[in-house]
Every structure is written in structure tokens, then in C-alpha cells.
Amino acid sequence: MRRFLSLSLIVATLAQGQVVIPFWHTAGPPGNTVLEEAIKSFNESQRTYRIEARYVGDYREAGVKLLAALRSGGAPVLFHGELSFLPRLAQEGVALALNPYLQNLPKDLYPEMMRTTQVRGQTYGLPLGLSVPVLYYNKDAFRARGLKPPRTWAEVEEAASRLTSRTAKGLVVASDIWSFNALVMSLGGSLVKDGLPAFTSKEVVEALEMLHRMVQKGHAQARNLAEVQFAVADFLRTKAFMGLGPTTALPVVLTQTSLPFAVGMAPVPRAEGGTVPLSGAVLAVLRGASPEQARGAVAFWRHFLEPKRQADWVRATWYLPLRKEAERELADFLKDPERQAVFAQAEVGRPWSQDPELVVWYSYLEEALERSLKQGVKPQMALEEAQRKAMGVERR
């Protein structure tokens, strides 16, 4: 009994000397088990730092909670949030620049993935889970109509036409910023140019005209941001046969339901010079953190980057591996030709949301998308209005 008490005292004494790092995260099933294991093993692997984790909901819930905590106090040291939120945190001085803590990183980290967390040349975050978009399609419906996976947007339009019936649409279109941006980037365009909104650029107009055309012909079903769950339901209930989503979408669905049809995955069609967005989750160290806490946060991230753990994370979530070394562990996972083709898009993956003002501007763009796709307003007119509103926002 005395020996047990002395061991407890030693453990308590060691814990008191540790640098504690409160951590808010957004990892629900199926990735939560891998992240929780990483936290546990990190805490047990060394005595300098201790991560104290708390799940705070999905990206949007976590963002709301963080903003409230920043106003009232009680914000964490380490925050796991959506990538497009990071530039604003950096601009507001909420996220700390981490360059002083990033020496001697693994040499096999993918440069473009690391660049996703940079704002104006400084690194403000640590990529945790990055995904690329996928064109999901109903294999059974495609087989029944003798269709092959589309390789161009013209083929998407043709397939949507042939798949449409009295009771179902060929394509479901979500009028949110992520989905639309993926289309714009695939055409070689960008929503921002030289630090200003580019909502009336050639590629942006072309992208919306294509979606507008399919909706007006009755070949596509438009869903706005408030109807995202219905967009997913349209596909799952065979009310639509194609849809755009991140690589991480399918594993989440498969943990919640069994599908009555085979799901196909195809790379997003790209024009010459087109790219795909790298999007997903990032770790940010928030203001008020001590240098020791910042070093501990980076140490935890490096622990998470161990190749076998990266492989476990990728298998569970279908995020991209952040290190080349992890791909050796994923040889069996990447044998599937569809999965291999989709993951190969990482080679043309680029950061998409690095301007702090975009989080303000994109509400105007989403309004324009809804007006055009749900109310029938001509694309050029809707985009010109969004451009005027965005340009009227005072830049910081």
C-alpha cells in the first residue's frame, strides 16, 4: 500500500511540472479514435508536455465556440479547425506565427500541403488532415445506361442529361463556397486575384454558367448551404446520381449507413492548367500560448506525423498522407485503382483560401450562387452584384 502511494505521489509531482496544452478538436468518427490514440501515446511518450483534449463539435460549431471563448476568456492553447478559418485568425492576431518552432522537420513533407497553412509568407498553422475533391457517382446507374466515369465537364453535362428521369436528377449541385471553388480551380481559375475578389473572372463566370445551364435544363438539383444534408440525401436515396464532395465524405457516410448501390469515385475533371483545392483541417496555436506551449504543440504534431500513424489516419478518414514515407505503409490501401486515381490529385493540389478577407467575401458569392441556381438570375448579373459587394468591404 505504501509503495502504491509513493508511486502516485511521483506521478502527481511529475504532472505538476508538465507544460499543459488545452486542445479543442473537431475530429468525430471515424478519425477520432486515431487522434485520441495519438494524444494518449504522446502524453505517455514524454514528460515535458501534456495535451488535454476536448471535442467541440464540427468545424462550424467549433468556430462559433472559439469566437465566444476569445471574447469571454477560456480559449484553448491549441485549436483544430477548418483551413479557411486560419487566415482570419492570423490577421486578427489570434493565431501565432510558428516559424521559430519549425526547424528540422521531416524532409518528406509535401511542400504544397505545408504551404496551405501560410499567410503572407508566415506559417500560422500545422496541417492535420487535407483532402481533395472527388466526383462521386452511382455505379449501378452508370452501368444501366452504359456510361463511363466522366473525364471532362462536357462529359459530366452529357452524363447528367442521360441519367435524369422523371423522378431523379443526374447531378446534385451544392451552392457552397467549397464546391464552387473546386469547379473554378479545375478550370484554371481563382476566386481571388492579387488580393482582390475575382468573382467576374472568365473561369468563375464559366463555372456558374455551366451549373446554371444544367439546373435550367432540369438535369441538376441545386441545394444551398442550409440544404447540404439534403444534397447528401439526394445521392444516397438515388434522387441524384452524381455529386462533388471531399475524399473524407465517403468514410463518414459508411460509418453511419449501408448503401443500396455501389459508389464510384472519379478525379475532378480538369481543363489544361486546372488544379484542385487542398482543403481540410489545421492546428493553430492561439495567442496567450507560452513559447513552451507552442513548442509542445509542434512536438505533438510531429508525433502525429509518424508514418504508421499517418497511415492509420489516412485509412480511417481518407485524408491525404502528409508525408511520402507514409505511402509505403499505404501500399495495400492505394491498390484500389479508383482510390489511387483520386489520391493522385494531390500532385495538382493547391491551397485555395489564404486571403483573410475571403471569409467575408464568400457570403456574397454564396448569395450569388443561390440567386442564380435557385432563383434563375443570369450568372453574369449575379456575379457582378457579388463582386460589387465584396469590393465594398473595407480591407484591413
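Mentor: Gladly! Let's begin with exposure: Asp 194 has a relative accessible area of 74%, so this residue counts as exposed. Keep in mind as we go that this is a predicted model.

Trainee: Where does Asp 194 lie?

Mentor: Asp 194 sits in the loop between β9 (192-193) and β10 (196-197). Its backbone deserves a look too. Most residues other than glycine have a negative phi. Asp 194 is not a glycine, yet its phi is positive, at about 55°.

Trainee: What is the phi of Thr 238?

Mentor: Thr 238 also has a positive value, near 55°, and is a residue other than glycine. You will find Thr 238 in the loop between α10 (228-236) and β12 (242-246). With a relative accessible area of 33%, Thr 238 is partly exposed.

Trainee: And peptide bonds? Which kind of bond joins Pro 29 and Pro 30, cis or trans?

Mentor: In general, most peptide bonds are trans. The bond joining Pro 29 and Pro 30 is cis, with omega about 5°. Pro 30 belongs to the loop between β1 and α2.

Trainee: Which residues of α2 are buried?

Mentor: A residue counts as buried when its relative accessible area is under 20%. In α2 the buried residues are Asn 32, Val 34, Leu 35, Ala 38, Ile 39, Ser 41, Phe 42 and Asn 43. These buried residues pack against β1 (19-25), β2 (49-55), α12 (291-304) and α13 (307-317).

Trainee: Can we zoom in on Ser 41? What does Ser 41 touch?

Mentor: Leaving aside residues up to four places away in sequence, Ser 41 touches His 303 and Arg 309. Ser 41 and His 303 are 262 residues apart along the chain, but 8.8 Å separates their C-alpha atoms. Ser 41 has 16% relative accessibility and therefore counts as buried.

Trainee: How do I describe the way α2 and α13 are placed?

Mentor: Look at how the axes approach and at what angle they cross. The axes of α2 and α13 come within 10 Å and cross at roughly 160°. An angle over 145 degrees counts as roughly antiparallel, so α2 is roughly antiparallel to α13. Val 34, Leu 35, Glu 37, Ala 38 and Ser 41 of α2 make the contact with Arg 309, Asp 312, Trp 313 and Ala 316 of α13. By class, five of these residues are nonpolar, one is polar and three are charged.

Trainee: Let me try another pair. At what angle do α16 and α17 cross?

Mentor: Helix α16 (residues 358-375) and helix α17 (residues 379-391) cross at roughly 160°, and their axes come within 9 Å. They are therefore roughly antiparallel to each other, and their crossing is right-handed. Among the residues that meet are Trp 361, Tyr 364 and Leu 365 in α16 and Pro 379, Ala 382 and Leu 383 in α17. The contact has nine nonpolar, one polar and four charged residues.

Key
Residues are numbered from 1 along each chain as its sequence is written. This is a predicted model: local features need pLDDT of at least 70, side-chain atom pairs count only at pLDDT 80 or more; totals for chains, interfaces and linings use all residues. Side-chain values use heavy atoms; hydrogens and water are left out. Axes are lines fitted to C-alpha atoms, for helices over the stretch in contact, and angles run from 0 to 180 degrees between N-to-C directions. Helices (H or I, at least four residues) and strands (E, at least two) are DSSP runs, numbered from the N terminus. Angles under 35 degrees count as roughly parallel, over 145 as roughly antiparallel, 65 to 115 as roughly perpendicular and the rest as oblique. A crossing is left-handed if the near helix is turned anticlockwise from the far one by less than a right angle, and right-handed if clockwise. Contact means heavy atoms within 4.5 Å. Ala, Val, Leu, Ile, Met, Phe, Trp, Tyr, Cys and Pro count as nonpolar, Asp, Glu, Lys and Arg as charged, and the others, Gly among them, as polar. Buried means under 20% relative accessible area, exposed over 50%, partly exposed in between (1.4 Å probe, protein chains only).
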